[in-house]
Amino acid sequence: MKIGFTTSFPVEVVFAAGHIPIDMNNIFISGNANNFVEQAEFDGYPRNICSWIKGMYSVAHDAEMDAVIGVVEGDCSNTHSLMSTLVDKNIDVISFSFPHDKNRNKLAAEIEKLEQYFNVNHTKVDEVKLRLDKIRKKLIYLDELTFKENKITGLENHLWLVNSSDFNGDPQNFEIRLDEFILEATKRESIKTDFRFGFLGVPPIITDLYDFLLEHKVNVVFNEIQRQFSMPYLENDIVDQYLHYTYPYTIFDRLKDIQLEIKNRKLDAVISYSQSFCHRQIDNILIKKYIDIPVLTIEGDQPGELDARTKLRIESFLDMLKY
Ligand code: SF4
């Protein structure tokens with residue numbers, strides 16, 4: 001069965017049950033994204049609702065998901081209503097929650113609930129975790145090639161890490177392609193740039209941001225949330241893995257990771273990206289307050305290329321860093 005999902009969750013359970021997990025965000029953004037948004041608006045989704053939600057609504061139909069896992073706590077409050085509209089279209093929905101208080105027992109119970117739904121035992125889930133961790137170790141190496149050796153562009157780093165949320169539904173094929181990519185990247189010359197940036201926030205809906213930055217001699221060597229999707233801590237226990245994962249909890253969890261990586265990766269500045277109509281825009285108040293290197297906030301709305309105003313703001317920010 002094809003099991004769509006709205007954001008990273010313990011994907012090990014779905015693989016262990018022999019199904020194909022599909023991150024609907026990735027299908028949305030790599031397909032005809034504007035069409036997906038339009039399709040949802042045609043069905044009545046309001047203009048002032050985040051494009052990712054509209055995209056996932058359309059993808060659930062278009063890609064004919066057998067069921068959709070909606071992360072209803074720890075991601076996006078819009079997911080509740082998204083799920084209702086999918087139920088109304090006769091799509092099975094399963095809810096999953098990351099407890100806001102990071103309570104270990106509650107998270108363990110959520111994982112167990114998923115295991116029961118998919119009728120799979122915990123030992124099998126642990127076996128899948130071990131298998132995926134082998135690939136995750138390679139992604140850590142890919143990340144190191146980005147920030148230690150400057151051999152990988154911010155866009156490449158973004159794409160590999162963001163796709164590790166579901167391993168494109170086929171871990172074996174993902175690993176083969178990853179091995180080939182890493183082999184090719186190790187042979188490259190280092191990328192010469194003026195600045196090393198971090199990218200904070202949900203993955204961008206803007207398609208040419210990384211290319212525009214690279215044209216201006218900036219490489220993104222830290223993709224915060226995308227890296228979180230790759231579960232880089234390699235915890236032994238699956239519950240600990242999803243407790244250590246910062247994205248579903250508070251901005252303070254994220255800030256600890258960001259501050260550490262700013263030092264680790266010797267970042268010159270960060271871009272804090274937010275999506276129009278997203279509650280996470282409020283987090284920028286604390287990001288600006290607690291991050292002690294220059295921060296540029298940018299916002300994306302519809303899928304597509306950078307608008308002229310954002311390009312000008314990036315260029316002005318770079319001028320400020322130079323002088
Ligand atoms: S970008 Fe924000 S509003 Fe949009 S789906 Fe993600 S959490 Fe929800």
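Valine 11 lies in the loop between β1 (2-5) and α1 (12-16), where helices (H or I, at least four residues) and strands (E, at least two) are DSSP runs numbered from the N terminus. The model is predicted: local features need pLDDT of at least 70, side-chain atom pairs count only at pLDDT 80 or more, and totals for chains, interfaces and linings use all residues. Residues are numbered from 1 along each chain as its sequence is written.

With 25 C-beta neighbours inside 10 Å, valine 11 counts as buried; a residue is buried if 20 or more other C-beta atoms lie within 10 Å of its own, exposed if 12 or fewer, and partly exposed in between, with C-beta atoms placed from the backbone. When residues up to four places away in sequence are left out, valine 11 touches Pro21 and Asp166, a contact being a pair of residues whose C-beta atoms, placed from the backbone, lie within 7 Å. Proline 303, in turn, is 292 residues from valine 11 along the chain, and the C-alpha atoms of these two residues are separated by 26 Å.

**The protein as a whole**

The protein contains 15 helices and 8 strands. A compact globule of 323 residues would have a radius of gyration near 20 Å, and the 19 Å of the protein agrees with this; the radius is taken over C-alpha atoms, and the globule rule is 2.2 Å times the number of residues to the power 0.38. Along the principal axes, the C-alpha atoms fill a box of roughly 60 × 45 × 35 Å. Of the 323 residues, 42% count as buried. Among contacts between residues at least 6 apart in sequence, 72% join residues at least 24 apart.

**The surroundings of the ligand**

The residues around the ligand are Cys50, Trp52, Ile53, Asp75, Cys76, Asn78, Val202, Gln275, Cys278 and Arg280, each counted as near if its C-beta atom, placed from the backbone, lies within 6 Å of the molecule. By class, this shell has 6 nonpolar, 2 polar and 2 charged residues; Ala, Val, Leu, Ile, Met, Phe, Trp, Tyr, Cys and Pro count as nonpolar, Asp, Glu, Lys and Arg as charged, and the others, Gly among them, as polar. The C-alpha atom of cysteine 278, one of the residues around the ligand, is separated by 21 Å from that of asparagine 35, 243 residues apart along the chain.

Asparagine 35 has its place in helix α3 and, with 13 C-beta neighbours inside 10 Å, counts as partly exposed. The axes of α3 (residues 33-42) and α4 (residues 51-62) come within 8 Å and cross at roughly 85 degrees, the axes being lines fitted to C-alpha atoms, for helices over the stretch in contact, with angles from 0 to 180 degrees between N-to-C directions. The two helices, α3 and α4, are therefore roughly perpendicular to each other; angles under 35 degrees count as roughly parallel, over 145 as roughly antiparallel, 65 to 115 as roughly perpendicular and the rest as oblique. On the α3 side the contact is made by Ala33, Phe36, Val37, Gln39, Ala40 and Glu41, and on the α4 side by Ser51, Lys54, Gly55, Tyr57, Ser58 and Val59. This contact has 6 nonpolar, 4 polar and 2 charged residues.

Helix α8 (residues 154-163) has 7 of its 10 residues buried, so it is largely enclosed by the rest of the structure. The buried residues in α8 are Gly154, Asn157, His158, Trp160, Leu161, Val162 and Asn163.

**Individual asparagines and an aspartate**

Asparagine 90 counts as exposed, with 6 C-beta neighbours inside 10 Å, whereas asparagine 150 is partly exposed, with 17 other C-beta atoms within 10 Å.

Asparagine 264 lies in helix α13 (residues 251-264) and is exposed, with 11 other C-beta atoms within 10 Å. Asparagine 264 and phenylalanine 147 are 117 residues apart in sequence, and their C-alpha atoms are 9.0 Å apart in space. Aspartate 133, found in helix α7, counts as partly exposed with 15 C-beta neighbours inside 10 Å, and its C-alpha atom is separated by 8.5 Å from that of methionine 231, 98 residues apart along the chain.

Conventions
Two residues are in contact if their C-beta atoms, placed from the backbone, lie within 7 Å.
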